[in-house]
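The following exercises concern the structure shown below.

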Amino acid sequence: MTPHRLAILASFLPLALTAPVFAAPSFSDCFPLKADVSYQMGDAVVSTAKIDINGKPAIQMDTVNGNIRNTLIYDMSGRQLLRSVNWSMSDRNTPDVTVDWITAPTHPEQVAPGQSFKLSGKGTQITASTGERTEIDFDGYSHYTFVGFEDLPLDIDGKERVFKNVCHLRVKEEGKTIETWHAAGFGQIKFKYYEGEMLMLAEEMSEIFEE
């Protein structure tokens with residue numbers, strides 16, 4: 001190689017050595033929740049807050065639709081469900097049924113696109129009106145497939161906003177299909193429910209009040 005070519009090559013080395021390295025998206029990146037976020041999801045308003053549970057920081061996610069309020073409390077990774085609360089329909093500040101998850105339903109840290117995984121858990125259900133405590137198994141959908149990462153455009157406040165590297169999940173059970181899309185900081189931002197090939201319900205984030 002001539003001295004001239006060596007000089008040209010050397011001139012590019014600092015650029016090569018200092019160029020940023022962009023890490024590939026990770027499944028676990030889709031689930032951490034940001035506190036003090038509020039947005040419209042279909043007919044419901046979803047909001048988050050940072051709380052302490054059993055002496056550890058956690059994120060509380062409230063979903064309110066009319067007089068129906070449901071709460072899910074996650075660890076700081078957003079992958080582990082610690083507590084779920086259904087509130088009284090006559091008073092949204094009075095718990096009706098609470099489940100403390102002893103064995104927490106937990107999304108895996110790493111899943112490759114196309115891979116499947118299961119969610120399971122065991123908890124103690126407390127009925128407020130009677131004080132009854134019952135040991136239960138996790139009764140949510142359990143068999144998931146990670147479809148892959150997507151850049152998801154949504155109409156937010158009348159303008160298109162693209163959420164990068166959103167995790168697209170699919171559940172198929174007994175002729176029913178559920179598709180969900182999860183974005184870092186917000187949680188689930190799009191949802192579709194099919195019976196057979198027929199779309200029965202579709203919801204997506206449409207307005208952000210706080211972020």
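A salt bridge is a side-chain nitrogen of Lys or Arg within 4 Å of a carboxyl oxygen of Asp or Glu. The model is predicted.

**Exercise 1.** Determine which residue forms a salt bridge with Glu179, and classify the accessibility of both partners.

*Solution.* Step one: the partner of Glu179 is Arg170, and the closest N and O atoms of the pair are 2.7 Å apart. Step two: buried means under 20% relative accessible area, exposed over 50%, and partly exposed in between. Glu179 has a relative accessibility of 9% and therefore counts as buried. Arg170 has a relative accessibility of 27% and therefore counts as partly exposed.

**Exercise 2.** State how many salt bridges the structure holds, and examine the one between Arg69 and Asp62.

*Solution.* Step one: the structure holds six salt bridges. Step two: among them, the side chains of Arg69 and Asp62 meet at 3.1 Å, N to O. Step three: Arg69 is buried, and Asp62 is buried as well.

**Exercise 3.** Which parts of the chain does the pair Lys122 and Asp137 tie together?

*Solution.* Step one: the side chains of Lys122 and Asp137 form a salt bridge, with an N to O distance of 2.6 Å. Step two: Lys122 belongs to strand β8 (residues 122-127) and Asp137 to strand β9 (residues 133-137), so the pair links parts that are 15 residues apart in sequence. Step three: Asp137 is partly exposed, its relative accessible area being 46%.

**Exercise 4.** Locate the disulfide, give its handedness, and describe what it ties together.

*Solution.* Step one: the structure holds one disulfide, and this bond joins Cys30 to Cys167 with an S to S distance of 2.1 Å. Step two: the torsion about the S-S bond of Cys30 and Cys167 is about 75 degrees, so the disulfide is right-handed. Step three: Cys30 lies in the loop between α1 (3-18) and β1 (38-41), whereas Cys167 lies in strand β11 (residues 159-173); the pair therefore ties together parts that are 137 residues apart in sequence. Step four: Cys30 and Cys167 are both buried.

Terms used:
Residues numbered from 1 in each chain as written. Predicted model: local features only at pLDDT ≥ 70, side-chain atom pairs only at ≥ 80, totals over all residues. Heavy atoms only, no water. Buried < 20%, exposed > 50% of the residue type's maximum accessible area, 1.4 Å probe, protein only. Helix = DSSP H or I, 4+ residues; strand = E, 2+ residues; numbered from the N terminus. Disulfide = S-S within 2.5 Å.
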